[in-house]
Amino acid sequence: SFRRRIVDVGGKESPDITTHQNQAMAESEAEESRLLYVAMTRARHRLVVWWIDEAADVEKTKLNEILTSGMIEDDDPARLRWLTDRADGTIEIRTVTDPPELVRYEPKAGERPSLDLADFDRGLDYEWRRASFTSLSPGHPIAAGRDTDEEPQREDETVDVEDVVVIDADRPMPMAALPRGAAFGTLVHRIFENVSLDADDIGGAVRTEVEKAVRRASWDLDVDALVEGIISTIDTPLGPAPGDVRLRDLPEGRTLDEMVFEFPVRTSDGAMDLREIAGVLRDHHPTGHPLRDYADVLDALPGSRFRGYLTGAVDLTAAIPGPGGHVRYVVMDYKTNTLPTRGEAPAVTDYAVGPMRRVMEDSHYLLQSVIYQAALHRYLQWRLPGYDPQQHLGGSTYLFVRGMIGADTPIVDGERCGVYRWNPPPEMIVELSRRFASKERT
């Protein structure tokens, strides 16, 4: 049991003053013993202890109590022999009668060195970078741009669109008339990051986060339309089957918002460039595959070789049940792009798989996707017992939220509008991660 601290406020007139004084002295001696023990048991190879037996108040020290406890007589010249006899040669006692002579240090005389400017005789490593998808994209080529994390202003709008705000009456699009641009994309990302996707009252939860984000941004926009658009996105199946999982179906414990990563790239083994990434994509997609052509696009991009660290932040990482009940891990990214309209007014079918694929290529979201999947692969390697890329890697899902209108979102060419899924061969992601770690051996 713990002993209580006692403060005697009665002073010398207290009837228990003597008892309390003795108790305080005992506790003080116990603390001194503890400190002495700690000080004398930390040395690993050699310990030197000075004891002055004729100093004032030496009898009151704990060290004196220990050393004199085994003395034969105080005036015995060998009075500490009991200590050396028990030490089996590990303790030596020396008597110092005169202090050693103090010798003042004098540096050796010599010629003073001449001072001169140093020559910079090594080269600068221009390939070392802290890069991200943003700095690798054509708008920020490595050779010319600064290397940063994922920029807070999301440049989702990368194609020209007509300034049309008429909503298709047959299939209402709640977010069709909402603003475009980086600021709006950042606002939507912040809402999705903060809202609980599996909240019992999803409408109330979304409205709370929307109103908070809009108020903080001091933005005058249609709050009801934004609330409806966010709820519609959460209610849209993430695949072509009616029973495919929705964002609403993902429990909070099976998702991770804003998974920030930073992993080394060729820190001591050469450098790499976008052409090497293109080669990995080309090796794992057969001729004629729609995404194989993207490798040729990467080959033609500007930019220099790089190494160092690759960093970024994945909007949402989710564990989704797959075939046979196996859980597959998917990286997701929210996109607020307004895709070019093919009719007189915006329509959900503007967000079919074909137009989305063109945006994925033109905006280089495919490059972003493979980097994110490589980061997820490395994360699962360290965090998931029994990790198997073939079983657990579930690819990427890019959510073009303007085209996701809920359970009635149409299916075009076998895919749900607004939902772009890409599940490359797991061995491709493993190979890319390996290339990030070290260059190809020949």
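Predicted model: local features only at pLDDT ≥ 70, side-chain atom pairs only at ≥ 80, totals over all residues.
Reader: How far apart are Arg34 and Glu31 in helix α1?
Author: They sit three residues apart in α1, which covers residues 17-40, so about one helical turn separates them.

Reader: How many salt bridges does a search of the whole structure find?
Author: The search finds 22. One of them is between Asp224 and Arg207, whose side chains meet at 3.1 Å, N to O.

Reader: Which helices hold that pair?
Author: Asp224 is in α7 and Arg207 is in α6, so the pair ties together parts that are 17 residues apart in sequence. Asp224 is partly exposed at 46% relative accessible area, and Arg207 is partly exposed at 31%.

Reader: Stay on α6. What should its 16 residues span?
Author: At 1.5 Å a residue, helix α6 (residues 202-217) should span 22 Å, and its end C-alpha atoms are 22 Å apart, which agrees.

Reader: Which residues of α6 are buried?
Author: Ile202, Val206, Glu209, Val210, Ala213 and Val214 are buried. Seen down the axis of α6, the buried residues fall within an arc of 125 degrees, so they line one face of the helix.

Reader: And what is on the other side of α6?
Author: Arg215 and Arg216 are there, and they are exposed.

Reader: What covers the buried residues of α6?
Author: The cover includes α5 (182-194) and α7 (223-235).

Reader: What follows α6?
Author: Ser218 does, with a positive phi near 50 degrees.

Reader: OK, α7 then. How many of its residues are buried?
Author: 10 of the 13 are buried, so α7 is largely enclosed by the rest of the structure. The buried set is Ala225, Leu226, Val227, Gly229, Ile230, Ile231, Ser232, Thr233, Ile234 and Asp235. These residues pack against α5 and α6.

Reader: What does α7 reach from its first C-alpha to its last?
Author: The distance is 18 Å, close to the 18 Å expected for 13 residues at 1.5 Å a residue.

Reader: Where does the side-chain oxygen of Asp222 reach?
Author: At the start of α7, that oxygen comes to within 3.2 Å of the backbone nitrogen of Asp224.

Reader: Different topic. How many residues are in the largest nonpolar core?
Author: It has 57 residues, and those with the most contacts inside it are Ile277, Leu367, Phe400, Tyr420 and Phe436. Helix α11 (residues 365-383) gives the most to this core, 10 residues.

Reader: What is Phe436 in contact with, leaving aside neighbours within four places in sequence?
Author: Its contacts include Phe263, Pro264, Val265, Met272, Ile277, Leu310 and Ala374, along with Arg266 and Arg378.

Reader: What lies apart from that core?
Author: Another core does, with 35 residues, among them Leu187, Ile320, Val330 and Leu399.

Reader: Back to charges. What does Arg421 form with Glu415?
Author: A salt bridge, with the closest N and O atoms 3.2 Å apart. Arg421 is partly exposed at 38% relative accessible area, whereas Glu415 counts as buried at 19%. The cut-off for buried is under 20%.

Reader: Which residues do salt bridges with shared partners join into one network?
Author: Arg266, Glu276, Glu431, Arg434 and Arg435.

Reader: Where does Thr338 lie?
Author: In the loop between β4 (327-335) and α10 (353-362). Thr338 counts as buried, at 14% relative accessibility. Its side chain is joined to that of Arg402 by a polar contact of 3.1 Å.

Reader: Last one, overall numbers. How many helices and strands does the chain have?
Author: There are 13 helices and eight strands. The chain has 442 residues, and buried ones make up 43% of them. Of the contacts with a separation of 6 or more, 70% are between residues 24 or more positions apart.

Definitions and conventions. Residues numbered from 1 in each chain as written. Heavy atoms only, no water. Helix = DSSP H or I, 4+ residues; strand = E, 2+ residues; numbered from the N terminus. Expected span 1.5 Å × (residues − 1). Buried < 20%, exposed > 50% of the residue type's maximum accessible area, 1.4 Å probe, protein only. Arc of directions from axis to C-beta. Contact = heavy atoms within 4.5 Å. Core = buried A, V, L, I, M, F, W, Y, C linked by side-chain atoms within 4.5 Å. Polar contact = N/O pair within 3.5 Å; in protein donor to acceptor, adjacent residues only side chain to side chain. Salt bridge = Lys/Arg side-chain N within 4 Å of Asp/Glu carboxyl O.
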